[in-house]
Amino acid sequence: MALLFISDMDDPVAWRQELRARIPDLDFRLWPDTGETDDIEIALVWRPPRGALKRFANLRAVISLGAGVDHILSDPELPPEIPVARIVDPMLTFAMTEYVLLAVLRHHRRFDRYERLQRQRHWCFEPPPDAHQRVVGVMGLGVLGGDAARALAAHGFKVRGWSRTAKAIAGVEGFYGNDQLPDFLSQTEILVCLLPLTADTERIVNRDTLHQLPRESYLINPSRGGLVDEQDLVDALRSGQLGGATLDVFQTEPLPPDSPIWDQPGVMVTPHIASLPYPHSSAPQVVENIRRIHNDQNMLNQVDRSAGY
Ligand code: NDP
Ligand code: OXD
C-alpha cells in the first residue's frame with residue numbers, strides 16, 4: 001500500500017519519519033513523484049491540485065493534513081465514493097483556542113487601541129473593561145469552536161454559540177439553525193468564526209449578518225476566508241459597523257498585496273497560522289486510519305461528504 005503525500009505547507013520529512021517510525025515498510029511517495037500511479041491507495045494531502053486525486057485508480061482514502069476538508073471536497077473531480085478523513089488533535093485544538101483567546105483578549109483589553117496610541121506617544125487612561133459584561137459569540141461549536149467557547153466561558157466572558165444542530169456546553173448560551181442566527185448575532189460584540197467552509201456557510205459573514213451585530217462589534221476569523229464576503233467586510237469596517245477584526249484566513253492566500261484588508265485601521269492580519277497538525281502528535285491517527293483502510297473499516301474522524309464537514 002503506497003501513501004502519497006501532497007502539500008506545499010507541511011514538512012514531508014517530518015511526516016515520513018513519524019509514519020515510518022510506526023510502519024517501517026511504508027511506501028511513502030512525495031508529490032509530484034508518484035511512481036506507478038496504480039500503487040497509490042492513500043493520499044495524505046493539503047490543498048491537492050484540482051483533478052490530481054482522480055489519477056489514482058486504486059485510491060481508497062484521502063486524509064486531510066488539517067482539520068478542514070474543503071480543500072479536498074471542492075475538487076469536482078474527486079471520485080465520489082472515496083472516504084475522506086480529517087485531523088482531530090488536542091495540540092491543534094490547543095493552538096486554535098490559544099489564538100482565539102489571544103485575539104479576544106487583545107481586543108477586549110484594548111491592546112489594539114493602545115498599540116495605535118503608543119505610536120502617537122499618547123497616554124490615555126481608561127478603566128479596564130469587565131469580561132463578565134462582554135458578549136462573545138462563537139459560530140461553530142465543533143471540536144475547535146466548542147473548545148474555544150469553553151475557554152472563553154472559563155475566563156468569564158458571556159459566551160454564546162451557534163451551530164447547525166443543538167449543542168449543550170456548560171456556560172455557553174446555545175443557538176442553532178438559521179432561524180436562531182439573528183438572535184445569536186444581535187447581542188454578539190465579538191464574533192469568532194469557527195465554521196467549516198461548506199455550501200451552506202460560504203459568505204455567511206456578509207453585509208446582512210454583519211449589520212445584525214451591535215455597532216462597532218469585532219470579528220475574529222481563523223476558520224476559512226470563504227466564510228466572509230471580503231467586500232462587505234471592508235465596507236462594514238469603513239462605515240464603523242465593525243470596529244475591527246483579527247483575520248487569519250482569506251479568499252485568496254497569500255492575501256494579495258493590493259487587498260484593501262491590509263490597510264484597514266483596526267485590522268490584524270495573520271498568515272494562516274492559527275493552528276496546524278504537528279506530525280508527532282497527529283501521525284498515530286493517520287497510522288490507525290491506514291490500518292483501518294487495510295481492514296476495510298471506517299476511518300477515525302471520517303467526514304460526512306454530503307454535509308461537507
Ligand atoms: P467541526 O466539524 O468539529 O465543527 C464544525 C461546527 O460548525 C459544528 O458545530 C457544526 O454544527 C457547525 N456547522 C457546520 N455547518 C453549519 C451550518 N450550516 N450552520 C451552523 N453551524 C454549522 O470542525 P472544527 O471545529 O474541527 O474546525 C472548524 C474549521 O476550522 C475547519 O473546518 C477549518 O476550516 C478551520 N481551521 C482553521 C485553522 C487555521 O489554522 N486557520 C486550523 C484548523 C481548522 P454541528 O455541531 O451541529 O454539526
Ligand atoms: C486546517 C488549517 O484546516 O490549518 O487544519 O486550516
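**Around the two ligands**

Ligand 2 sits among W46, G66, A67, G68, R224, H272 and S275, where a residue surrounds a molecule if one of its heavy atoms lies within 4 Å of it. This is a predicted model, so local features need pLDDT of at least 70 and side-chain atom pairs count only at pLDDT 80 or more, while totals for chains, interfaces and linings use all residues. Residues are numbered from 1 along each chain as its sequence is written, chains are lettered from A and ligands numbered from 1 in the order in which they are written, and side-chain values use heavy atoms, with hydrogens and water left out.

Polar contacts here are pairs of N or O atoms within 3.5 Å. An oxygen atom of ligand 2 has a backbone N or O atom of A67 at 2.7 Å, and a polar side-chain atom of H272 lies 2.7 Å from an oxygen atom of this ligand. For S275, a polar backbone atom is 3.4 Å from a ligand 2 oxygen. On its own, ligand 2 exposes 210 Å², and the protein buries 87% of that (Shrake-Rupley areas, 1.4 Å probe).

Turning to ligand 1, 29 residues surround it, the closest being R86, L144, T165, P222 and Y309. A side-chain N or O atom of Y309 comes 2.6 Å from an oxygen atom of ligand 1, and a backbone N or O atom of P222 is 2.8 Å from one of its nitrogen atoms. A polar backbone atom of G142 lies 3.0 Å from a ligand 1 oxygen. Alone, ligand 1 exposes 950 Å², of which the protein buries 93%.

Key:
A polar contact is a pair of N or O atoms within 3.5 Å; within protein, one must be able to donate a hydrogen and the other to accept it, and residues adjacent in sequence count only if both atoms are side-chain atoms.
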